[in-house]
Amino acid sequence: MVRTRLAPSPTGEDLHIGNLYTALINWVFAKQNNGKFIVRIEDTDRKRLIEGAEERILKTLKEFGLEYDEGPDVGGPYGPYRQSERLEIYKKHALELVEKGYAYFCFCSPERLQKIRKEQQKKGIIPPKYDRYCLKRYSKQEALEKFEKGEKAVIRLKIPEKSEISFVDEIRGKITFKSDLIDDQVLLKSDGFPTYHLAVVVDDYLMKITHVIRAEEWISSTPKHVLLYTAFGWELPKFIHLPILRNPDKSKLSKRKNPVWASWYLKEGFLPEAILNYLALMGWSHPEGKEKFSIEELVKIFDIKRIKTVGPVFDVQKLEWLNGEYLREAKSEKLKAKILEYYKKYHDLDLPEELVEKTIPLIRERVKKLSDYMFYCKFFFERPKKYQMDLSPFKDLIEKMKSALEKIPEHEWKAEKIGEVMVKLYESLPEEVKNNVSRSKFFMVLRVAITGQKITPPLNESMEILGREECIERLENVKFQMTNDKSMTKSK
RNA sequence: GCCCCGUUGGUCUAGCGGCCUAGGACGCCACCCUUUCAAGGUGGAGAUCACGGGUUCGAAUCCCGUACGGGGCACCA
């Protein structure tokens, strides 16, 4: 049975978007093979541990619908799924390796390691490697005794000399490394915690992971893992290294240059399904060239061998386009629910359901992200405090608009009627006024007077929704002293 | 520096020896629609397929170099 896994470290604020990408591929691959997707928390670095990160990572994963079959909070037959709770397992395995002669104790201080590294660099020995001082100095027995007496020690992997280590990457083919270039990797740290390398191999084996699907940055350390598998006498899993998502400058996607936390995209008003869809397009393409497809379809059609090996640039603009596609195609009821939920969850706003419902047809073609909703619609919920245009030259005009609107009886207050009346008003204006105020300018004045904004949903429909009394009152209460508000008048 | 992985328009990509005078999408520009902004429609600019050698009747596609980009070289993952 296929078993894949995501192994995040709780060392950031939240799930990294690159991890979300890896999670997606792992999830989809497991699903399409009727396998299991497992989450394992790699919290072996106590120094970088961030409070609450694990919870946030798991929560985000769920928000994206990437449910896992086994994990720290849901359990499973191969737990615990938190590495900090598996310390004895790693120790036992590390000791086993020492016993078999594949690893050895090292008692060197960090200072000494630092020193020899510097010396080697000076001599041009690159990359620097541990000099095996402790391996030469202590016999296996002596070392073990020292260790058992409680002396601070690490266990290092003894990399075989002058040999080649190769493995097959399912999308790149065979990759070979020379063993002489690899340092005697620390497997067990002096604090009793394993390093990543020991922990992944032991856990992937014990948890019966069949396909190790992870980011490309792990290629260089895979030979160490291969060595471990063979030292233990374990069968290798399949390795698949995914391309790394990049910043626009092509460097590895980083928080300095891009928003990287998956939850940030949610807060921005992107839909989980759109984000996942976009991510699927990174390094992979639909055989028919489709750009928009559901995750169910992805599961059906995904082919891991079609993944490219070049690191794609994460383009937020294209994500916005895709997100807009999802928003436009959503059923009104659904769109409304999403908007309501979004503003409640991320802005602690309880928008009136009925009003939101009425505005949906006006904004569905306009919003790219859920957060665009209020950009267009805030005037529905509150009277304009600022006006994006100096209305003082149009005092008389606004007065005329108001009286024209007042002539519309309540029961005829419909978008069509409003439009008709306003067009008539414009037509009836004296020529010299019309020469100064174009028809579109005329409506812009009305627009800003009613909404305060220059960019709005269709005006007549908006006015219909606002209601007769409200519109008339707004025209009455227009504030004309806006010219000094540079930030508003300069907008555009 | 060393090792590994890559290299098709600004970006995501199709392409797996002849269908390519390189196709699609995002973005950009123009026009149409239009009461703002979008959406939609039409059209357009933009790639000597990184470069140089081979192999072949024929190469974006295969091979070798070079350049460039990325990743890795921790008691971090």
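Guide: The model is predicted, so local features need pLDDT of at least 70 and side-chain atom pairs count only at pLDDT 80 or more, while totals for chains, interfaces and linings use all residues. Residues are numbered from 1 along each chain as its sequence is written, and side-chain values use heavy atoms, with hydrogens and water left out.

Helix 14 covers residues 353–363 and helix 15 covers residues 372–381, where a helix is a DSSP run of H or I with at least four residues, numbered from the N terminus. Their axes come within 11 Å and cross at roughly 135 degrees; these axes are lines fitted to C-alpha atoms over the stretch in contact, and angles run from 0 to 180 degrees between N-to-C directions. Helix 14 and helix 15 are therefore oblique to each other, since angles under 35 degrees count as roughly parallel, over 145 as roughly antiparallel, 65 to 115 as roughly perpendicular and the rest as oblique.

On the side of helix 14, Leu355, Val356, Thr359, Leu362 and Ile363 meet Tyr373, Tyr376, Cys377, Phe380 and Phe381 of helix 15, contact being heavy atoms within 4.5 Å. By class, this contact has nine nonpolar residues, one polar and no charged ones, where Ala, Val, Leu, Ile, Met, Phe, Trp, Tyr, Cys and Pro count as nonpolar, Asp, Glu, Lys and Arg as charged, and the others, Gly among them, as polar.

Notes
Chains are lettered from A and ligands numbered from 1 in the order in which they are written. Helices (H or I, at least four residues) and strands (E, at least two) are DSSP runs, numbered from the N terminus.
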